[in-house]
Amino acid sequence: MSGPLPRPRVPRPLLAVATVVLVATVALAVHGAWTTGVSWDEAYHVGRMRSFLAHGWYLLEGDLDGDRPGAWEDQAYVYAPVTAILLHAAVVAAGLEGRGRSSRRGTRTPSATSSW
């Protein structure tokens, strides 16, 4: 019986290219989130999260007919409530928002101490 096989070494040029690709990918992801998701789409998700906390529907207020989705609304069942709830829970745990509030600001305010 022989001992364990030696581990193959990753060639340095391949490691360098992989590092550059990883850094570029992270930079692009952050830039993309900042220029599209965080600055543009965020207001819609905050509005939908506020509606979800108030009515239980992840829709904008104008998409509701009373406390139900309007007959014209075809996006009443979407994936985003799960993501928004998880992110909201993380923000509440960090003390930046109250449990029944959703804000576009990343700072704690006196009104952020309300409960569900």
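Modeller: Start with Asp63, which is buried yet has no salt bridge. This is a predicted model, in which local features need pLDDT of at least 70, side-chain atom pairs count only at pLDDT 80 or more, and totals for chains, interfaces and linings use all residues. Residues are numbered from 1 along each chain as its sequence is written, and side-chain values use heavy atoms, with hydrogens and water left out.

Colleague: Why is Asp63 said to have no salt bridge?

Modeller: A salt bridge needs a side-chain nitrogen of Lys or Arg within 4 Å of a carboxyl oxygen of Asp or Glu. The nearest side chain of opposite charge to Asp63 is Arg48, 4.7 Å away. Here Lys and Arg count as positive, Asp and Glu as negative, while His and the chain ends are not counted.

Colleague: Where is Asp63, and what is it in contact with?

Modeller: Asp63 lies in the loop between H1 and strand S1 (64-65); helices (H or I, at least four residues) and strands (E, at least two) are DSSP runs, numbered from the N terminus. Apart from neighbours within four places in sequence, Asp63 is in contact (heavy atoms within 4.5 Å) with Arg68, Pro69, Gly70, Trp72 and Glu73.

Colleague: What makes Val10, Leu14 and Leu15 a nonpolar patch?

Modeller: Patches are made of residues with over 30% relative accessible area and no salt bridge; like charges are joined within 9 Å, and nonpolar side chains (Val, Leu, Ile, Met, Phe, Trp, Tyr) within 5 Å. Val10, Leu14 and Leu15 form such a patch on the surface, with about 290 Å² of accessible area together, by the Shrake-Rupley method with a 1.4 Å probe, where for residues only the protein chains shown count as cover.

Colleague: How do you know how far to trust residues 107-116?

Modeller: pLDDT is the predictor's confidence in each residue, from 0 to 100. Over residues 107-116 pLDDT stays under 50. Where pLDDT is low, the predicted coordinates should not be read in detail. The protein averages a pLDDT of 79.

Methods:
Buried means under 20% relative accessible area, exposed over 50%, partly exposed in between (1.4 Å probe, protein chains only).
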